[in-house]
Amino acid sequence: MGSLVAKLLLPTLSSLALLPTISIAAKRQFHMEAMVYFFTMFFVAIYHACEGPGLAILCFMQYDLLEYFSIYGTALSMWVSLIALAEFDEPKRSTLVMFGVLTIAVRIYHDRWGYGVYSGPIGTAVLMITVKWLQKMKEKKGLYPEKSVYTQQIGPGFCFGALALMLRFFFEEWDYTYVHSFYHCSLAMSFVLLLPKVNKKAGTGGAPAKLDCSTLCCCV
């Protein structure tokens, strides 16, 4: 009985794999991305907890809304991770992030289970990154960014991302509990790898911008 309960709770516990991702993003000064990852982890965990035994008390929202926000948060996490990788200047970066926030919300409301839920944001972001980097290569007449970015970030990050999507769409019927839990872990690892080592756009003319209580209060 204990092993059965543990198996049912595994998707909830595996969603906490995003905790290290949140911590690393915050340390690298990617505060917005860290908040998106926390949003995703929170709703994914609550969504799966509502599926588990004896945890219905945690369902503070309708199950359909929890499902929506868990999928929305996941797609948005993919989007902000790729935009962070591209290192766009302001205000282009903020504009693209908001574009993703709005369009992903509409797309998932229309259909939250199709391949386009994730392939849309990923394909659009990859296209924009490719165009930007090709322009940089043309200006520099050399490789951009440096080789280590491809070998240490992009290659491993996209491999874990591809693994996560394969598990999510093609292998969950094998054993939903374990496969979906590995999906959570692969996705979290992909986010960590894709984020640059430091947020070069966090601040200008001084120390990187920090997220404090006054900033949060103003946003609210």
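Q: Which helix does Leu 13 lie in?
A: Leu 13 lies in helix 1, which covers residues 2–14. The model is predicted.

Q: Why is Leu 13 called exposed?
A: Its relative accessible area is 52%. Exposed means over 50%. Leu 13 therefore counts as exposed.

Q: What makes the nonpolar surface patch of about 270 Å²?
A: Leu 13, Leu 16 and Leu 19 make it. Patch residues need over 30% relative accessible area. Leu 13, at 52%, passes that cut-off.

Q: How many helices and strands are in the protein chain?
A: There are nine helices and zero strands. Along the sequence the pattern reads α-α-α-α-α-α-α-α-α.

Q: How do you know that the length of helix 6 agrees with its number of residues, and what is the span?
A: Helix 6 has 25 residues, 116–140. At 1.5 Å a residue, they should span 36 Å. The end C-alpha atoms are 35 Å apart, so the two values agree.

Q: Which residues of helix 6 are buried?
A: They are Val 117, Tyr 118, Pro 121, Ile 122, Ala 125, Ile 129, Lys 132 and Trp 133. Buried means under 20% relative accessible area.

Q: What do the buried residues of helix 6 pack against?
A: They pack against helix 4 (63–86), helix 5 (92–110), helix 7 (147–170) and helix 8 (176–194).

Q: What comes just after helix 6?
A: Lys 141 does, with a positive phi of about 55°.

Q: What percentage of the residues of the protein chain count as buried?
A: Of its 220 residues, 42% do. The chain exposes about 12,200 Å², and carbon and sulfur atoms supply 70% of that area.

Definitions and conventions: Residues numbered from 1 in each chain as written. Predicted model: local features only at pLDDT ≥ 70, side-chain atom pairs only at ≥ 80, totals over all residues. Heavy atoms only, no water. Patch = residues over 30% accessible without salt bridge, like charges linked within 9 Å, V, L, I, M, F, W, Y side chains within 5 Å. Areas by Shrake-Rupley, 256 points an atom, 1.4 Å probe, with all protein chains shown as cover. Salt bridge = Lys/Arg side-chain N within 4 Å of Asp/Glu carboxyl O. Helix = DSSP H or I, 4+ residues; strand = E, 2+ residues; numbered from the N terminus. Buried < 20%, exposed > 50% of the residue type's maximum accessible area, 1.4 Å probe, protein only. Expected span 1.5 Å × (residues − 1). Contact = heavy atoms within 4.5 Å.
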